[in-house]
Amino acid sequence: YLTDSVRKHLVVCTIDGSACSVLVAGIEQPRAVAIYQKKRQVLYTDWGSKPAIVVVAMDGSSKKDLVSEDLIWPNGLAVDQVLDRVYWSDAKKDTVESIRMDGTGRMVILDTVAKHPFSMAVFEDSLYWSDWEMQEIVSCNKFTGKNFKTLVKEAGIRPMGITISHPLLTPSGPPSPCINSPCSHVCLPKPLPSTGYTCACPAHLVLGSSATQCEESPMSSSLLISTSSHIYSLHPQSVGQTTYDSISSLPTSLITSLTANGVDNSVYA
C-alpha cells in the first residue's frame with residue numbers, strides 16, 4: 001500500500017509490482033501509510049485543508065476519520081499491533097501522539113522535542129523516527145517519552161523512511177483469503193470476520209462478469225509509440241510496471257510517423 005501526493009490517492013499493488021489498483025482517490029494531500037493487521041485495515045494521513053488520520057478497510061470500504069481535530073501536518077504513522085494503538089508525529093506542532101484504534105485515549109508522548117519528525121516505527125516499548133531538521137534517527141519510550149536518544153546521525157545523510165523487520169512483527173491470525181485467489185490482477189481481503197475477497201483492476205481495465213478477471217475498458221485511452229518496424233500500445237495513466245502491447249510488426253518497413261482514428265480504432269502509419 002502506498003500514497004501518492006501528486007496523483008492524490010492511496011494505491012495497492014501486488015508485491016512484485018505487476019499490477020496496482022487505486023484504493024482511495026481524491027485525497028487532498030496524502031502522506032504516511034500503515035497497516036493494522038488485526039482488523040485488516042489501512043491507515044493514512046492527509047495534510048490537506050482538513051488534516052486527518054484516516055482508516056479504511058483493505059478492500060477500500062468503511063473509510064472513516066480516526067483523528068480529525070488538533071492536527072496540522074500529520075506525518076509519521078505507526079501501528080502498535082499488540083496494544084491496538086496508533087502513533088503519529090506532527091511535523092508542524094513538533095509533537096508525537098497516540099490514540100487507540102477505537103478513537104479513545106488520545107495522549108501526547110512528546111511535545112516540542114521532536115523537531116521535524118518524518119517517518120515512524122514502533123517495536124516493543126520504543127518509538128523510532130527519522131527527523132529531517134536534526135538529520136538523525138531517534139527513539140524514546142512509547143509510554144512516557146523518556147529515554148530520548150539519538151541512534152543514527154551521520155554528516156551529509158538525511159534519513160527519510162524508516163521501518164523495522166523482526167520475527168515478532170510477522171502477522172499472526174487467520175490466513176489471507178487472497179492466497180491462491182483467482183483474481184487476474186489484484187486481490188483485496190474483505191474486512192474481518194469475512195473470509196472473502198474482492199478482485200480489483202488497474203485504471204485502464206475493468207472487472208468482467210466473472211468478478212475475477214480484468215478486461216479492456218472501451219473507455220480507456222492508450223498511448224501509441226513506434227520503433228522503425230513495430231507499433232506498441234501502453235497505458236501511462238496506470239500505476240505500476242508499464243506493459244507494452246504489440247499492435248503490429250512491419251519488419252520490411254521504416255515507420256516514420258503514425259496517427260490513430262478513435263472512431264474505427266484504426267492506426268495509420
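This note walks through the predicted model point by point, from the whole chain down to single residues.

1. **The chain as a whole.** Start with the big picture. The chain has 269 residues, and 39% of them count as buried. Its secondary structure comes to 0 helices and 24 strands. The C-alpha atoms fill a box of roughly 75 × 45 × 35 Å along the principal axes. Now look at contacts between residues at least 6 apart in sequence: 37% of these join residues at least 24 apart.

2. **Strands 1 and 2.** Strand 1 covers residues 2-4 and runs antiparallel to strand 2, with 3 bridges joining the two.

3. **Strands 2 and 3.** Strand 2 also has a partner in strand 3, residues 20-25. These two run antiparallel and are joined by 5 bridges. Val 11 has Val 22 in strand 3 as its bridge partner. This hairpin has 6 residues between its strands, and here Gly 17 takes a positive phi near 75°. Is strand 2 mostly covered or mostly exposed? Mostly covered: 4 of its 5 residues are buried.

4. Strand 5 (residues 41-46) and strand 6 (residues 52-57) make an antiparallel pair over 6 bridges. Find Asp 46 and look across: Ala 52 in strand 6 stands opposite.

5. **Leu 43.** This residue sits in strand 5. Leu 43 counts as buried because its relative accessible area is 0%, and the cut-off for buried is under 20%. Its contacts, leaving out residues up to four places away in sequence, include Ala 32, Val 33, Ala 34 and Tyr 36. Also among them are Ile 53, Val 54 and Val 55, as well as Leu 66, Leu 77 and Met 101. Glu 97 is 54 residues from Leu 43 in sequence, and their C-alpha atoms are 15 Å apart in space.

6. **Met 107.** Compare this with a residue in strand 11 (residues 107-111), where Met 107 is found. Met 107 is partly exposed, at 32% relative accessibility. Beyond residues up to four places away in sequence, Met 107 touches Arg 85, Glu 97, Ser 98 and Phe 143.

7. **The largest pocket.** Its volume is about 1700 Å³. Which residues of its lining are closest to the centre? Of the 50 lining residues, they are Ile 35, Gln 37, Gln 81, Leu 169 and Pro 171. Several elements give two or more residues to the lining: strand 2 (9-13), strand 4, strand 8 (74-80), strand 12 (117-123) and strand 16 (186-189). By type, the lining divides into 30 nonpolar, 14 polar and 6 charged residues.

8. **Two loop residues with positive phi.** Asp 84 is not a glycine, yet its phi is positive, at about 55°. Asp 84 lies in the loop between strand 8 and strand 9 (85-90). At 24% relative accessibility, Asp 84 is partly exposed. Glu 124 also has a positive phi, near 50°. Its place is the loop between strand 12 and strand 13 (126-131). Is Glu 124 buried or exposed? Glu 124 counts as exposed because its relative accessibility is 52%, and the exposed class begins over 50%.

9. **A cis peptide bond.** Finally, check the bond from Leu 192 to Pro 193. This peptide bond is cis, with omega near 10°. Pro 193 is found in the loop between strand 16 and strand 17 (197-200).

Methods: Residues numbered from 1 in each chain as written. Predicted model: local features only at pLDDT ≥ 70, side-chain atom pairs only at ≥ 80, totals over all residues. Heavy atoms only, no water. Pairing = 2+ DSSP bridges. 1 Å grid on protein atoms, 1.4 Å probe; cavity = no way out; pocket = protein on both sides within 12 Å on 5 of 7 lines; lining within 4 Å. Points joined across faces, edges and corners; volume = space filled by probe spheres on them. Nonpolar A, V, L, I, M, F, W, Y, C, P; charged D, E, K, R; others polar. Buried < 20%, exposed > 50% of the residue type's maximum accessible area, 1.4 Å probe, protein only. Contact = heavy atoms within 4.5 Å.
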